[in-house]
Amino acid sequence: MGIRASRNFGALKIHAEETIASRSCVEMIVHCSHLDNKDLFSKSDPFLRISRIVETGGSVLIFKTEVVNNNLNPIWKPLCLSVQQFGSKDNPLIIECFDFNSSGNHVLIGKLHKSVADLEKLHKERSGANLTLPSSHCGHDKVLKGQLFVDQFCEKQ
């Protein structure tokens, strides 16, 4: 019986937070307009990833939409976020729009930081929020022409 060599199989990171016991959720229909095209021979295939910013400063994915093929003005199916997922209406969320690639190397089209309360306000005001891209030149985000709109917003049990 030989000595077993220890091997590093990686690390597992677990994040836990206390949540509010609530059966409430927010249902929204969102769309984007004038997205930048990231494909060469066709239009981008956009999808959204919504993440919640956590106490440590990192983020946790809470929702991902379906991919809308070949469309720079996509409308996604209704999405439902529970209070357990987003915490409080004032908690900051990161909403990222990606161009889907079957290789798994999705390309960031743009992103924005909004809370659920901010999204509700966009709906009430019938206004859009500009997507941004991190800029390597000037140290601040580049504001894009593409916008996110909230067409429907309702709170449900």
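**Fold and aromatic pairs of a predicted model**

The protein's secondary structure consists of 2 helices and 8 strands; these are DSSP runs, H or I of at least four residues for helices and E of at least two for strands, numbered from the N terminus. This is a predicted model, where local features need pLDDT of at least 70, side-chain atom pairs count only at pLDDT 80 or more, and totals for chains, interfaces and linings use all residues. Residues are numbered from 1 along each chain as its sequence is written, and side-chain values use heavy atoms, with hydrogens and water left out.

Student: In what pattern do the elements follow along the sequence?
Tutor: The protein has 2 helices and 8 strands. Read along the sequence, their pattern is β-β-β-β-α-β-β-α-β-β.

Student: What share of the residues is buried?
Tutor: Buried means under 20% relative accessible area, exposed over 50%, and partly exposed in between, with a 1.4 Å probe and protein chains only. The protein has 157 residues, and the buried share is 38%.

Student: What percentage of the contacts with a separation of 6 or more comes from residues 24 or more positions apart?
Tutor: A contact means heavy atoms within 4.5 Å. Among contacts in the protein with a separation of 6 or more, residues 24 or more positions apart account for 61%.

Student: How many aromatic pairs are there?
Tutor: Rings of Phe, Tyr and Trp (its six-membered ring) pair if their centres lie within 6.5 Å. By this rule the count is 2.

Student: What is the geometry of phenylalanine 47 and phenylalanine 100?
Tutor: Phenylalanine 100 sits in the loop between S5 and strand S6 (107–115), 53 residues from phenylalanine 47. The ring centres of phenylalanine 47 and phenylalanine 100 are 6.5 Å apart and the planes at 70 degrees, so the pair is edge-to-face.

Student: Is phenylalanine 100 buried or partly exposed?
Tutor: The relative accessible area of phenylalanine 100 is 33%. Phenylalanine 100 is therefore partly exposed.

Student: Which residues do ring pairs link into a cluster?
Tutor: Phenylalanine 47 and phenylalanine 98 form a stacked pair. Phenylalanine 47 and phenylalanine 100 form an edge-to-face pair. The cluster is Phe47, Phe98 and Phe100.

How values were computed
Rings of Phe, Tyr and Trp (its six-membered ring) pair if their centres lie within 6.5 Å; planes under 30 degrees apart count as stacked, over 60 as edge-to-face and the rest as tilted.
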